[in-house]
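Trainee: I would like to learn how to read a structure such as this one. Could we go through it together, one feature at a time?

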Amino acid sequence: MTAKLTILIVEPDKTRADAIIDSLSATGDHHIRVLSESTGLARSVAELNPDLVLVDVANPSRDAIDALTLASSPLERPVAMFVDRSDDGLTKAAIEAGVSAYVVDGMHPDRIKPVLDAAIARFHMFSRMRSELAATKRALEERKIIDRAKGILMRARNMSEDEAYALIRKTAMGQNKKIADVAQALVTASELLS
């Protein structure tokens, strides 16, 4: 945590909030905002657009975890949650909701920096994995469409698979489009004509 971050802290206890701020201030010059209750969290997250959300909850419930994580958009930014006690169900709910770090046994100021560093690293790792998965799914869908388009051309024009692909590719190049887009147009036209 070396860059200047915008950090939103959700902490109802002012003494604990001050301790968190002091601990964060020791790690760098960050823009820190404290929310004393979670009721306005969604609005505050939207307005502030923090780089990181730090939540300190003494007695979490499944509803509280769901509300906090949904409001703080854990898929868009790292969320670190500190709880005084938990159970397996709550831990699982927090992880499934996308919380980057779920720390049981409360928030200790001396542990904030390593936990937040880990939360940020874990968030970026999962973000890359989500991007790679989305790209892989997109490529697979494009491959399916191209294969369908080749099949249509092979049947309609009595050509080989290589010839069908070459025709799709040549058409895409001539129209300055992606091969998958030309294939999709061919599949759509074929569905309309059948």
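Mentor: Gladly, and we can start with a helix contact. In α5, the residues E142, I145, I146, R148, A149, I152 and L153 meet I179, A180, A183, Q184, L186, V187, S190 and E191 of α7. Contact here means heavy atoms within 4.5 Å. The helices (H or I, at least four residues) and strands (E, at least two) are DSSP runs, numbered from the N terminus.

Trainee: What classes of residue make up the contact of α5 with α7?

Mentor: The contact of α5 with α7 divides into 10 nonpolar, 2 polar and 3 charged residues. Ala, Val, Leu, Ile, Met, Phe, Trp, Tyr, Cys and Pro count as nonpolar, Asp, Glu, Lys and Arg as charged, and the others, Gly among them, as polar.

Trainee: Before we go on, where does this model come from, and how are residues numbered?

Mentor: This is a predicted model, in which local features need pLDDT of at least 70 and side-chain atom pairs count only at pLDDT 80 or more, while totals for chains, interfaces and linings use all residues. Residues are numbered from 1 along each chain as its sequence is written, and side-chain values use heavy atoms, with hydrogens and water left out.

Trainee: In which helix is confidence lowest, and in which is it highest?

Mentor: pLDDT is the predictor's confidence in each residue, from 0 to 100. Where pLDDT is low, the predicted coordinates should not be read in detail. In this protein the mean pLDDT is 85, and 91% of the residues reach 70 or more. Confidence is lowest in helix α3 (residues 62–71), with a mean of 68, and highest in α6, at 96.

Trainee: How do I describe the way two helices pack?

Mentor: Two packed helices are described by the angle between their axes and the distance between the axes. Axes are lines fitted to C-alpha atoms, for helices over the stretch in contact, and angles run from 0 to 180 degrees between N-to-C directions. For α5 and α7, the axes come within 8 Å and cross at roughly 55 degrees. That angle makes α5 oblique to α7. Angles under 35 degrees count as roughly parallel, over 145 as roughly antiparallel, 65 to 115 as roughly perpendicular and the rest as oblique.

Trainee: Is the crossing of α5 and α7 left-handed or right-handed?

Mentor: The crossing of α5 and α7 is left-handed. A crossing is left-handed if the near helix is turned anticlockwise from the far one by less than a right angle, and right-handed if clockwise.

Trainee: At what angle do α5 and α6 pack?

Mentor: α5 and α6 pack at about 110 degrees, with axes 9 Å apart. So α5 is roughly perpendicular to α6, and α5 passes α6 in a right-handed crossing. On the α5 side are R143, I146, A149, K150, L153, M154 and R157, which meet E161, A164, Y165, L167 and I168 of α6. By class, the contact of α5 with α6 has 8 nonpolar, no polar and 4 charged residues.

Trainee: Which residues make the contact between α6 and α7?

Mentor: Geometry comes before the list here. The axes of α6 and α7 come within 8 Å and cross at roughly 110 degrees, which makes α6 roughly perpendicular to α7. This crossing is right-handed. The contact is made by Y165, I168, R169, T171, A172 and Q175 of α6 together with I179, V182 and A183 of α7.

Trainee: Is I152 buried or exposed?

Mentor: Buried means under 20% relative accessible area, exposed over 50%, and partly exposed in between (1.4 Å probe, protein chains only). I152, found in helix α5, has 15% relative accessibility and therefore counts as buried. Not counting residues up to four places away in sequence, I152 touches L186, V187 and S190.

Trainee: And which loop holds N158?

Mentor: N158 is in the loop between α5 (112–157) and α6 (161–175). Its phi is positive, about 55 degrees, although N158 is not a glycine. N158 is exposed, with a relative accessible area of 72%.

Trainee: What is the phi of N176 near?

Mentor: Phi of N176 is near 55 degrees, a positive value in a residue other than glycine. N176 is in the loop between α6 and α7 (179–193), and N176 is exposed at a relative accessible area of 74%.
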